[in-house]
Amino acid sequence: MKANRSIFRWLLVGMVVWTTLTIWSLSASLLHAQEATPTAAATNGVTADEVNAVASELWCPLCSGVRLDACELKACAQMRDLIALKLAEGEDSESIRAYFLDQYGPQVLGQPPLEGFNWLAWILPFVVLAIGGYFLWNTMRRMVQPIPATAGTSVASTDPTTRKTVTPSTPEDEYAGKLAEELKRYG
Amino acid sequence: MAELTEQTMQAPPEPAIADQVVDPAQQRAVNAWRFVLIGVPLLFLVFLAMRLYQTNTSEQRAAGEAPPFVFTSFDGETISLAELRGKGVVLNFWASWCDPCRAEAELLEATWRREQDKGIVFIGLDYLDQEPAAKAYLAEYAISYANGPDLQSGAARRYGIKGVPETFFIDPEGKIAHMVIGPIVNEAQFAKALDKIRP
């Protein structure tokens, strides 16, 4: 009992530390995004927020899992400068996205394009969900449906007084049946 | 065991027989669950192994026959490797944000100026770069050989580069004769590599 309580306590401490670290790292990455001030943006009258709004929709093609607005690489800074330049030229975020896709490939979009093997990544979760849901539904339906008298062999028991096979329809009946059977077995 | 025999003896005959007959619906359910629990993870593992194998082979640096590529230079000229048969090709992957690339930029341009009349072609493919910065880089080092963006890193993937700079020396028969990973540091190293691809 004492050991159990100390394990529980350590688990709680671990969870608190983990939550703190997660919040801290999230806020750190948010801060980075806010600090990112492209030099070209200032000269073109485009604000850093406008640049970051576009950049946050794109992913650094040189990193893995880093958004362009939070990336500290020199290449990313140059990419943000390019976004600022294009915004100043009057391009909208959609055409900038298209340009980035054309230049650097689908990895800047952060999601696999719908082609070839990638379809599996899009479909598989839903297929698994459907199959899992079907089995769950089927199993639950079988669990709640009343057991037919002919098939209920494993649950059916013998009533000691009447020597007849009874099929329990309610939990109370089932319990009574089991009790009777076990009482009989142990004398 | 004794209990069990007692139980079977006391149980009425009908349920005992029914116990041994397997319900087909139940058997179907068991089979389906067996497929889900064993088949699906197995299928997943097979797919994973397949993909890992593919990734592994595609991540090797190119060797032997030089993978073909076509690119449009910053000047608007379309260049295909296939059309350069009979010439030695120096294919350099670079980027304006790459500091080690700057270390070899001057040597590359100087060597190109010396070798361009001797059947050697220099090509610069700009890897994951930004056009304004790339053009500024080319102007800074007065680079005059053909340079253009490697769109969607198509050539970079085919050549299996791990970073920039990387330089491939392709002989007149279109075979990769030599490669330098990282910047080319001196003329002697460059000359030795060029000797392998002279027509």
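**Exercise 1. Which residue of β6(B) is the bridge partner of Val89(B)?**

Solution. Start at Val89(B): its bridge partner in β6(B) is Ile170(B). Now widen the view to the strands. β3(B) and β6(B), residues 166-170, pair in the antiparallel sense over five bridges. Two strands count as paired if DSSP finds at least two bridges between them. Strands themselves are DSSP runs (E, at least two residues), and helices are runs of H or I with at least four; both are numbered from the N terminus.

A word on the model. It is predicted: local features need pLDDT of at least 70, side-chain atom pairs count only at pLDDT 80 or more, and totals for chains, interfaces and linings use all residues. Residues are numbered from 1 along each chain as its sequence is written, while chains are lettered from A and ligands numbered from 1 in the order in which they are written.

**Exercise 2. In what sense do β3(B) and β4(B) pair, parallel or antiparallel?**

Solution. Take Leu91(B): its bridge partner in β4(B) is Ile123(B). The pairing of β3(B) with β4(B), residues 120-126, is parallel and spans seven bridges. β3(B), α4(B) (residues 99-115) and β4(B) make a right-handed β-α-β unit. Right-handed means that, with the strands pointing away from the viewer, the path from the first strand over the helix to the second runs clockwise.

**Exercise 3. Give the strand order of the open sheet in chain B.**

Solution. Five strands line up as β5-β4-β3-β6-β7, with mixed pairing. The edges are β5(B), 146-149, and β7(B), 176-181, each pairing on one side only.

**Exercise 4. How many residues of β3(B) are buried, and which way do they point?**

Solution. Count first. Seven of the seven residues in β3(B), 88-94, are buried. Buried means 20 or more other C-beta atoms within 10 Å of the residue's own; exposed means 12 or fewer, and partly exposed lies in between, with C-beta atoms placed from the backbone. Then sort by direction. Gly88(B), Val90(B), Asn92(B) and Trp94(B) point one way. Val89(B), Leu91(B) and Phe93(B) point the other way. In a regular strand, side chains alternate between the two faces of the sheet. Finally, compare with the chain: 28% of the 199 residues of chain B count as buried.
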